[in-house]
Amino acid sequence: MFSEKTITALVTIPITQNVALIRISGPKTYNLISKFFDHSLPKYPQKKSQLVFGNIINHNKEIIDQVLLLCFYKPHSFTGEDVIEISCHGNLFIVNQILQLILENGAELAREGEFTKQAFFNGKLNLIQAQAINDLIRAPTLSASKLALHNLSPQTQKKFDKLIEKITDKLLKIIATIEVNIDYPEYDGVELLTSKKALNRLQEIKQELGKLLSLSRQVKVYQEGVKVAIVGKPNVGKSTLLNSLLQEEKAIVSPLAGTTRDVVEGKYNLKGIPLILSDTAGIRGAKNIVEKIGVSRSQEVLEKAELIFFLLDNSQIWSKEDIKVWKLVKNKKTVIIINKIDLKKKLKLPNEILAKNPISINAKNGEIKDLETRVEQLLVKDLGNIHSPYPFLSQSWQQSKLQELIKQIDEITQALQQEIPLDIISGDFQIVFHLLKELSGKEYNGKLLDIIFSEFCLGK
Ligand SMILES: Nc1nc2c(ncn2[C@@H]2O[C@H](COP(=O)(O)OP(=O)(O)OP(=O)(O)O)[C@@H](O)[C@H]2O)c(=O)[nH]1
Ligand SMILES: [Mg+2]
């Protein structure tokens, strides 16, 4: 499906720089360039891209710039359309004049993600690969970019298609058997699908989908990062730990209890996982008004955090203040950290805490390797190597579609458990079938496409 529209955009950022890149894609591309470019262009058809050097000439026959064109003919381009990429000098005055000439000669300004959308409609990419491109552009760490590349690869795509195919086949078998049982109840050649059998098969499907969702959520950690609150009673070394991780004196450290009053934030790349760290005021029954505000801020941060670092001081006894903090964190995803292990041990922990397998560090000297290992285990435990052979879905829309699917299966399961006859709920199986197709990117609606592509940058 080739586009009627010819679109253009500045691919590089709109600031003065050495070189800028303008992309044009669509049926009028060659015709419009020939109006203001002084060299001849390659003739259709060409399988390979070609470079052409020449000048851009304005209405007054003046040379605006010397440029290099990279010319592609459809379908051998990223979008599958005729495409020319103009490398010009990065003076914004020049860039704007060239863009003006392109627009005057019949192109439209591209919207966010519109080039990728053309590629999608021309079958150059499916939705998951299109999303992987966006992930690649926005990846906050090298690991996140590796994951995006993993999702872009044809091998991953094949594995994902196979998985969805396997699940769809199982589902279709259930749907078909229900239909035959309803339409030809007297026919002996087909098994009679009882609610119990249907339940078992549904559980198998749910298990596969559950695994996919759990892995996909873990992968998201690399892309979006994790909010971590560093909490504990005063003086246990929270700010020291923050500084040690960031390798900068970001928070004030002192031997006085109650030093930190405001939340201090910093970003740390833990083996590719972006941690968004918040050092907080030590939690205790504060008397002074400023410290009271600090403590209440600590509690707010703690509530919003996805992971807690609960710090204890090896050189002090397990106290009421520690218990107070423990009560706030015990039901959250928490790493219990015993700090100051270089000092003489006074801390004797209750069994409840020991059972959580606390780790020991010396924040002052930066001995925090165990912490890194534990966090990685906690956040991405099932992921193994990030080049894991199992496919995953990194996008929010895919994950919410997956959740919708699992919810739908749960509803059918409940209905079956309440012994509602299969013929009454056969329509619900059809819903699962369509959700599966949407998940695979094979069925979609315009609204979903708009959401997906609007997250792209201009020029992509
Ligand atoms: N010996 C030793 N001292 C440490 C260690 N970590 C921190 N300290 C010291 O403990 C004192 C308190 O450290 P901070 O990092 O300010 O403690 P905090 O938990 O942020 O304290 P508040 O902000 O008051 O809640 C400072 O004197 C640090 O130098 C450690 O691993 N070993
Ligand atoms: Mg502090």
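This is a predicted model: local features need pLDDT of at least 70, side-chain atom pairs count only at pLDDT 80 or more; totals for chains, interfaces and linings use all residues.
Local features require pLDDT of at least 70 and side-chain atom pairs pLDDT 80 or more, totals for chains, interfaces and linings use all residues, and side-chain values use heavy atoms, with hydrogens and water left out. Residues are numbered from 1 along each chain as its sequence is written, with chains lettered from A and ligands numbered from 1 in the order in which they are written.

**View 1. Domain division of the chain**. The assignment, automatic or from a database, gives domain 1 (7-125), domain 2 (154-222 + 390-441) and domain 3 (225-363). Between the C-alpha centres of domain 1 and domain 3 the distance is 54 Å.

**View 2. The shell around ligand 1**. Ligand 1 is surrounded by 23 residues (a heavy atom within 4 Å); Lys238, Thr240, Gly258, Thr259 and Asp342 are the closest. The shell comprises 8 nonpolar, 11 polar and 4 charged residues, where Gly counts as polar and Asp, Glu, Lys and Arg as charged. Helix 8 (residues 238-246), a DSSP run of H or I with at least four residues, gives the most to this shell, with 3 residues.

View 3. The pairs shown are N or O atoms within 3.5 Å. For Lys238, a polar side-chain atom is 2.7 Å from a ligand oxygen. The protein buries 92% of the 660 Å² that ligand 1 exposes when taken alone (Shrake-Rupley method, 1.4 Å probe).

Notes:
A polar contact is a pair of N or O atoms within 3.5 Å; within protein, one must be able to donate a hydrogen and the other to accept it, and residues adjacent in sequence count only if both atoms are side-chain atoms. Helices (H or I, at least four residues) and strands (E, at least two) are DSSP runs, numbered from the N terminus.
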